[in-house]
Amino acid sequence: MEGMFFRDRNEERLLENTELFTVEEIRNIVTSRKNFEYKISKNEKTAYISCIEQEIKLFNRIRSLTHKRNVELHKQIGIRIVKLHTVALSYYKEDLKLWLSYIKFCIQAEFDTLLSDAFSQMLSLHTDKHLWLLAAKWEMNESRNVEKALSYLYRGLYHHPKASSIYIELFKLELNVDKLTSKKRSDESSEMKALKICAIAQKELPGDADLYITLLKLASEYNKATCKLQNDLALYLKKTFVQNEDVWYHLAKRELSGHHLNDNNTYEYIAASASEVRVMNLIRTFQAAVAQVPTESMWATYLNTMMDLCEDKQYSSVDLLTDAFMGACQAAHTADLMSEEHYMIWLERLQDEPTLLHILQEATRRHPTYFQLWVARVRYHMARAEELQVEHVFDEAIDILKDQSIQIWRLKIQYYQLKGSGKIEAVYRAGLHSTATVKQYLTPQFLDWLVLFKTIESVRKEYECLAIEEPWSMEIHKKMVELEAMCPEPSVEHLQLVSKLAREQFGEQTWMNYVQDEINCGLNWHKEVYVKLRNMDVK
C-alpha cells in the first residue's frame, strides 16, 4: 500500500501554485501525509479517520478558491478522500460513523454518481431507522429517483414496522408521486396506496394518535383528491382516540378549514365562502369533545379557540363569534370546569349583567387561591359603594389566602386611604397579627405610615416592640435606620439599639456588610448615619 495515496510531485507543485499555502505549510502537509501513510500501511482505523479529517480540511480550504488553476488540485484531493474511505471501509465495514463520513463527503463534494452505490452498500450492512430516511430523501431530492426512494422507505418499514417517521415520509411520497413522475406504476391510485400504508400503521401502531393526526394533515393538502383517505383517517381518530384532547382539537380545526365530517360520517368539503357554516361545525365538534372529555383543559382548548376566532379579522360574523364564546363560557361555568384565567376574561366581558355577582362568588369558591378573582369581587362591591360587602370579601379572602394574601392587604390599605378612613392603623395592626409573611411585608410600610401621620417618637416606640417579635426581620432594622437618616437630628441612642438588635439577630458580619454597602452605594445624605453605624461601639 506504500505510496498508494500520497506520492504525487505534481500535486505538490499545484499546492505551491495556489498561493494559498506557504512553503512551510506545504512541507508540513507532505510530512503529515508521510506519517499517516506509515500508519495506514498498518491498517490502523484511527489513522484512516484522522487522515480523512485532515484531507477534508485541505479540500474545503482549496474549494474556497474559485480560480480555474485549482480545479485539478481540488479534484485530486477529492478522489484521494474517496479512496481513503473505500479502503478503510473494506476493512471496517461495521463502522457506521465511517460510512456516514463517506456519504457526507460525497454529498458535500457533489459526487452524486458515487452516492447511490454508497447508500446501497451501507444499508446492506446497517439498517438503522434514520439511514433509510437519509437514503430515501437523497434519492428523492437530489437524484430525483422516485422508485429508489420508495424502495428504501418500504425496505425501511420492513426493518422498522413501528417507526412513525418512516410511515410519514412514505405516506407523503406516495401521495405526491404522480406529480413527480409521469411513469405509470400500477393500476392503484396514490390514494389507494396511502390507504394501504394507513392499514399497516393501524396494525403496528394502533395507539399513536400523533401519527394519524400528521397523516390526516398531509392528506388534507390534496383536498378532494383524497376524500376517502381523509374520511377513513378522521373516523379512525374519532373512534379510536375518543378520550384524546389533542385529537378533538385537530378534528375541530379541520372543520374550520372546511374539511367536514358530516352526520353520516362521510367527508364533505365546505367552501371558504360559507365561513359561518365552518364556524358552526367547529363549535359542534368542540361540544362533542367536551361531552366526551369533560376536563378543564379540554374546555380551555375550546374557549381559547373561540377567543382566537373573535380576534381574527377574516371572520365578519363578529356577533356570532362573540355569542358563541359567551355561550361556551356559560357552559364551562355550568359544568364547573372553567379555569381561573377564563373566568377573568369572561368577567371582563359580562360588564353589569345581573348574574355577575353570582358568577364572581362561584368563581372564588371554585378557585379560592386565585387572588385576581378576589380582587375582581372586591372591586365589584367597591364600584357600588357597598362598604360592608367590601369588608366581608376582604376578610374572606385574607382568611383563605393566608400567606398569599399580600395583594389583598395592599388593596385593603389603598381602599381605606382613598376613603380617608380612620381605620388604616387598625388595618395595619390586623395585618401585623396575620401570617409571618404578611407581617414581614407590612411592617416597613407601617413604619412609613407612622412617620407620615404621627411622629418619629411613635415610630421608635413601635419599632422597639416589633423588632423583638419572632420571626425576626432584617427589613425592619433597615427601615428604622432609613427613617432615622431622614431626621434632622438622628437619635444616636436609637441607632445603637437598632445596630445591637440587628447584630444579635442576624450576626455581626451580615449587618456590617449591609452598612458598608450603603456607605459605598447608598444616597449621599444617608451616608453620615451609616458611617456612624459602622464606627459604633455596641455594648
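Which residues does threonine 443 touch, not counting residues up to four places away in sequence? Threonine 443 touches Leu432, Leu466 and Ile476, where contact means heavy atoms within 4.5 Å. The model is predicted: local features need pLDDT of at least 70, side-chain atom pairs count only at pLDDT 80 or more, and totals for chains, interfaces and linings use all residues. Residues are numbered from 1 along each chain as its sequence is written, and side-chain values use heavy atoms, with hydrogens and water left out.

Threonine 443 lies in helix H23 (residues 436-453). Helices (H or I, at least four residues) and strands (E, at least two) are DSSP runs, numbered from the N terminus. The relative accessible area of threonine 443 is 6%, so the residue is buried. Buried means under 20% relative accessible area, exposed over 50%, and partly exposed in between (1.4 Å probe, protein chains only).

Leucine 218 is placed in helix H11 (residues 209-220). Leucine 218 is also buried, with a relative accessible area of 12%. Leaving aside neighbours within four places in sequence, its contacts are Ile168, Phe171, Lys172 and Leu175. Isoleucine 270 is 52 residues from leucine 218 along the chain, and their C-alpha atoms are separated by 18 Å.

Helix packing was examined next. Two packed helices are described by the angle between their axes and the distance between the axes. Axes are lines fitted to C-alpha atoms, for helices over the stretch in contact, and angles run from 0 to 180 degrees between N-to-C directions. Helix H18 (residues 356-366) packs on helix H19 (residues 371-383) at an angle of about 150°, with the axes 9 Å apart. H18 is therefore roughly antiparallel to H19. Angles under 35 degrees count as roughly parallel, over 145 as roughly antiparallel, 65 to 115 as roughly perpendicular and the rest as oblique. The H18 and H19 crossing is left-handed. A crossing has this hand if the near helix is turned anticlockwise from the far one by less than a right angle, and is right-handed if clockwise. H18 contributes Leu356, Leu357, Leu360, Gln361, Ala363 and Thr364 to the contact, and H19 contributes Leu373, Trp374, Ala376, Arg377, Tyr380 and His381. Eight of the contact residues of H18 with H19 are nonpolar, three are polar and one is charged. Here Ala, Val, Leu, Ile, Met, Phe, Trp, Tyr, Cys and Pro count as nonpolar, Asp, Glu, Lys and Arg as charged, and the others, Gly among them, as polar.

The axes of helix H15 (residues 296-311) and helix H17 (residues 340-350) come within 10 Å and cross at roughly 40°. H15 and H17 are therefore oblique to each other. Their crossing is left-handed. On H15, the contact is made by Glu296, Ala300, Leu303, Asn304, Met307 and Cys310, and on H17 by Glu340, His342, Ile345 and Arg349. The residues in the contact of H15 with H17 comprise five nonpolar, two polar and three charged.

Aromatic pairs number 19 in the structure. Rings of Phe, Tyr and Trp (its six-membered ring) pair if their centres lie within 6.5 Å; planes under 30 degrees apart count as stacked, over 60 as edge-to-face and the rest as tilted. The rings of tryptophan 132 and tyrosine 152 have centres 6.3 Å apart and planes at 55°, so this pair is tilted. The pair links distant parts of the chain, 20 residues apart: tryptophan 132 in helix H7 (residues 129-141) and tyrosine 152 in helix H8 (residues 146-159). Tryptophan 132 is buried at 0% relative accessible area, and tyrosine 152 is buried at 1% relative accessibility. Tyrosine 236 and phenylalanine 241 form an edge-to-face pair, 6.1 Å centre to centre with 80° between the planes. Tyrosine 236 is buried at 16% relative accessibility, as is phenylalanine 241 at 9%. Ring pairs also join Tyr428, Phe446, Trp449 and Phe453 into a cluster.

Backbone features in loops complete the description. Glutamate 110 has a positive phi of about 60° although it is not a glycine. Glutamate 110 sits in the loop between helix H5 (96-109) and helix H6 (112-125), and is exposed at 60% relative accessibility. Asparagine 265, likewise not a glycine, has a positive phi of about 60°. Asparagine 265 lies in the loop between strand E1 (259-261) and strand E2 (267-269), and is partly exposed at 29% relative accessibility. The peptide bond from glutamate 470 to proline 471 is cis, with omega near 0°. Proline 471 falls in the loop between helix H24 (456-466) and helix H25 (474-486).
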